[in-house]
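Colleague: Could you show me how to read a helix in a model, and then what packs around it?

Modeller: Gladly; let's look at it together.

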Amino acid sequence: MQNDLAAKHLTILRVRGNPYKRKLPVHESRLIYFELIFYYSLLCQGTRGRMHESADVTRFPKPYNLECTPYKQTDFDYLMKGKIEKCADCNVNKVFKLIIVGDVSVGKTCIVNRFCHQLFDNNYKATIGVDFEVQLLSLFGVSVTLQIWDTAGQEKFKCIAQSYYRGAHAIIVVFDFSCISTLFHCELWLKEALNTNTNDDVLLFLVGNKADLLSPAAYTNTNEIGMKSAQDLSAEYWAVSAKSGLNVNELFLRVAALLLDVNLNNETDSIKDRIHIGSNLTLAKKKKRKSKKIISSCACNA
């Protein structure tokens with residue numbers, strides 16, 4: 001079904017791109033070009049999207065530092081565990097969209113490749129526009145699909161990348177431990193992503209990469225600055241290394257577990273709201289009936 005949808009989008013984009021043999025503006029032709037690349041990759045995701053080697057998660061992943069996160073969940077509550085069991089029995093698949101933003105050459109693509117393919121490439125290649133990965137997980141028996149959007153950090157691709165921020169469930173802002181200026185730019189990246197995104201329950205993460213490049217003293221100093229910045233941004237903080245794999249899997253599993261918790265809580269709240277509205281209407285009808293009876297009885301007594 002998803003492949004049919006992708007093929008349909010490809011057809012629409014080709015028709016939209018040149019319906020009357022007209023010459024397109026440069027910005028429009030570039031956007032169509034990158035959309036064609038994306039939907040072509042979506043058609044091929046059957047070979048790219050695969051189950052992660054540590055996918056069968058049975059314990060709620062812990063944060064990097066409990067003091068540096070606004071999300072204090074360390075386990076599902078009793079009601080959520082019951083709901084998770086129902087989702088697992090019904091073979092429900094939860095799909096979440098993650099976007100990764102940050103300055104150029106901070107290692108966004110390396111983090112994604114480390115998580116999705118368990119590899120690290122020393123040869124630097126700048127991302128053109130956006131890249132897309134699909135990762136399958138099993139969280140407490142519930143099938144979870146992570147759509148990971150790796151955006152370019154170069155200024156010339158920013159307008160293209162921003163068109164893919166919409167509908168994101170989690171925003172991961174990455175900075176380079178060895179270049180402190182990239183940390184100071186994270187607030188701007190986060191504001192731009194939030195301004196474009198329409199999801200009210202989006203989760204925020206501040207991630208420092210290349211932790212392996214610093215001496216212990218420099219690492220401790222930069223780590224403290226990063227944790228303070230995360231608190232100011234109301235984001236959860238992580239220190240990772242795409243080269244060694246330090247904390248990379250733990251980061252994405254934590255993101256997936258928190259997204260599942262938010263999703264199930266929202267479903268529960270919507271059900272409660274519907275019941276609450278219905279119960280109020282019922283009570284209002286009963287009150288009207290009682291008031292009518294009182295009025296009629298008063299009239300008879302008179």
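Colleague: What span should helix 9 (residues 216–233) have?

Modeller: The expected span of a helix is 1.5 Å times one less than its number of residues. The 18 residues of helix 9 should therefore span 26 Å, and the end C-alpha atoms are 25 Å apart, which agrees. Helices here are DSSP runs of H or I with at least four residues, strands are runs of E with at least two, and both are numbered from the N terminus. This is a predicted model, where local features need pLDDT of at least 70, side-chain atom pairs count only at pLDDT 80 or more, and totals for chains, interfaces and linings use all residues. Residues are numbered from 1 along each chain as its sequence is written, and side-chain values use heavy atoms, with hydrogens and water left out.

Colleague: Which residues of helix 9 are buried?

Modeller: In general, an α-helix has 3.6 residues a turn, so residues three or four places apart point the same way. In helix 9, Thr222, Asn223, Gly226, Met227, Ser229, Ala230 and Leu233 are buried (under 20% relative accessible area; exposed is over 50%, partly exposed in between, with a 1.4 Å probe and protein chains only). Seen down the axis, these buried residues fall within an arc of 165 degrees, so they line one face of helix 9 (the arc is that of the directions from the helix axis to the C-beta atoms). On the other side, Ala217 and Asp232 are exposed.

Colleague: What do the buried residues of helix 9 pack against?

Modeller: Their partners include strand 5 (170–176), helix 8 (186–196) and strand 6 (203–209). Leucine 206 is in contact (heavy atoms within 4.5 Å) with residues including Gly226, Ser229, Ala230 and Leu233. Just after helix 9, serine 234 takes a positive phi of about 55 degrees.
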